[in-house]
Amino acid sequence: MTAALIVEVARIVSTVLREPVAADPALLATDFARWDSHATVEIIFAIEDRFGFEMSPEQMERVAGLASLIDIVGATIGEIVP
Amino acid sequence: MKFSRRHIVARLARVWGTLRDGAATEHGVAPGPAGDMLAALSDGDVFDQFESLGDGCEFAAVQQLAGVDRLGLFKWAGVDLAALPGLIDDDLAGVDDPARIVLRLENRPSGRPEYMIDHYRMGCTMHAAPSVADLDIAEATAREARRLTIMKRKFQADVRAGRRIYLYASLAPRPIGQIEALFDALCRRGPNRLLFVRQADATLAAGEVRLRRPGLAEGAIDALASYDAGTTIRTAMWPQLMRAAHALLTREPMPGPAPETALETALETGA
């Protein structure tokens, strides 16, 4: 995965949660008080809009933190160019 | 709302006390490898297998207490049991149609106004995700329709794969025929399981779970949340009940879909 992808996913999550999110793939949803299932849906919206793909139900099920989001985006669209 | 791990552990300890340690053996989980494996599951692991179909928000609140907060179309909704089989048979057609949902502001017991959805396809009222402070009502309605599309897609995939154990808990008495109709509708879509939770009575004691048919269980609990305070959990018995139900429902082979659905699935997958 590229650093650019990690930074972009962290930025998206930060925008949804309205709080700073470090570009650290080890961060989990449970590390954030505001990251509940409603926020997960908002993050899925934002990821789909930014990267132009529709997340499958299996991918939605895997969303549990930054690492899973980065894996899903990376596996679906490949790396991004900063 | 999501709680920190420390907060969850503290709340679990306070609310559920020592119940979870004794639950499996009290309800006849067989000793040996299967029993050992079940005993090793945390409450969160067990709760994570289930998904609420209604008729209120209590089970979703219980799951949050156990640290489980998955996406679920019906978990914050009070769907009419009589309408559910038809919705499932129709593959949830229209549940994400913006013309079928009306958002309105409601003052909640917390003192903060909240968007509630009157859903005319699902025949229920449900909580909306957007906060009043973030979006006006038109924007929130569009957002909710899109959220329902995502949740619908996920429910359709889950129900085809038999990925969850569905739960219908109801304070109001329900004819068992309606529960069986819901189970049949789920089984027409895939290899699903259903747990019906109701108030204990002379025929089923609190904490007991019995199998009515393969894949369909009925459990009784000592107290369910009232309809006007749906997230107020009134019992410490949930972990005990869910462990017993999980043991019972996962011991049996998965019920299969009806033949036409199996054929349809085979044609779709090329199997």
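In chain A, Ile12(A), Val13(A), Thr15(A), Val16(A) and Leu17(A) of helix H1(A) meet Ala39(A), Glu42(A), Ile43(A), Ala46(A), Ile47(A) and Arg50(A) of H2(A). Residues are in contact here if their C-beta atoms, placed from the backbone, lie within 7 Å. Helices (H or I, at least four residues) and strands (E, at least two) are DSSP runs, numbered from the N terminus. By class, the contact of H1(A) with H2(A) has eight nonpolar, one polar and two charged residues. Ala, Val, Leu, Ile, Met, Phe, Trp, Tyr, Cys and Pro count as nonpolar; Asp, Glu, Lys and Arg count as charged; the others, Gly among them, count as polar.

The model is predicted: local features need pLDDT of at least 70, side-chain atom pairs count only at pLDDT 80 or more, and totals for chains, interfaces and linings use all residues. Residues are numbered from 1 along each chain as its sequence is written, while chains are lettered from A and ligands numbered from 1 in the order in which they are written.

The axes of H1(A) and H2(A) come within 9 Å and cross at roughly 135 degrees. H1(A) is therefore oblique to H2(A). Angles under 35 degrees count as roughly parallel, over 145 as roughly antiparallel, 65 to 115 as roughly perpendicular and the rest as oblique. Axes are lines fitted to C-alpha atoms, for helices over the stretch in contact, and angles run from 0 to 180 degrees between N-to-C directions. The crossing of H1(A) with H2(A) is right-handed. A crossing is right-handed if the near helix is turned clockwise from the far one by less than a right angle, and left-handed if anticlockwise.

Arg18(A) sits in the loop between helix H1 (3-17) and helix H2 (37-51) of chain A. Its phi is positive, about 60 degrees, although Arg18(A) is not a glycine. Arg18(A) counts as exposed because it has 9 C-beta neighbours inside 10 Å. A residue is buried if 20 or more other C-beta atoms lie within 10 Å of its own, exposed if 12 or fewer, and partly exposed in between.

The contact between the chains takes 14 residues from chain A and 15 residues from chain B. On the side of chain A that touches chain B, H2 and helix H3 (57-62) of chain A each supply at least two residues. H2(A) gives the most, with six residues. The residues on this side of chain A divide into nine nonpolar, four polar and one charged.

Chain B holds an open sheet of five strands with mixed pairing, in the order S1-S5-S6-S8-S7. Two strands pair if DSSP finds at least two bridges between them. S1 and strand S7 (209-213) of chain B are the edge strands, each pairing on one side only. Neighbouring strands of this sheet are turned by 30 degrees against each other on average, direction ignored. S6 (193-199) and S8 (216-221) of chain B run parallel and are joined by six bridges. Phe196(B) stands opposite Glu218(B) in S8(B). S7(B) and S8(B) pair in the antiparallel sense over four bridges. Arg213(B) has Leu216(B) in S8(B) as its bridge partner. S7(B) and S8(B) form a hairpin with two residues between them. In its turn, Gly215(B) has a positive phi of about 90 degrees. Helix H8 (176-189) of chain B lies across strand S5 (165-170), S6 and S8 of chain B, at about 160 degrees to S6(B).

An open sheet of three strands in chain B has antiparallel pairing and the order S2-S3-S4. S2 and strand S4 (124-127) of chain B stand at the edges, each with a single partner strand, so one side of each is left without a neighbour in the sheet. The twist averages 35 degrees from one strand to the next. Strand S3 (113-119) of chain B pairs with S4(B) in the antiparallel sense over four bridges. His119(B) stands opposite Cys124(B) in S4(B). Helix H7 (137-161) of chain B packs on this sheet, touching S2 and S3 of chain B. The direction of H7(B) makes about 125 degrees with that of S2(B).

Some local features of chain B complete the description. A cis peptide bond, with omega about 0 degrees, joins Gly54(B) and Asp55(B). Asp55(B) lies in the loop between strand S1 (50-54) and helix H5 (58-65) of chain B. Leu65(B) lies in H5 of chain B and is buried, with 22 C-beta neighbours inside 10 Å.

Key
Two residues are in contact if their C-beta atoms, placed from the backbone, lie within 7 Å.
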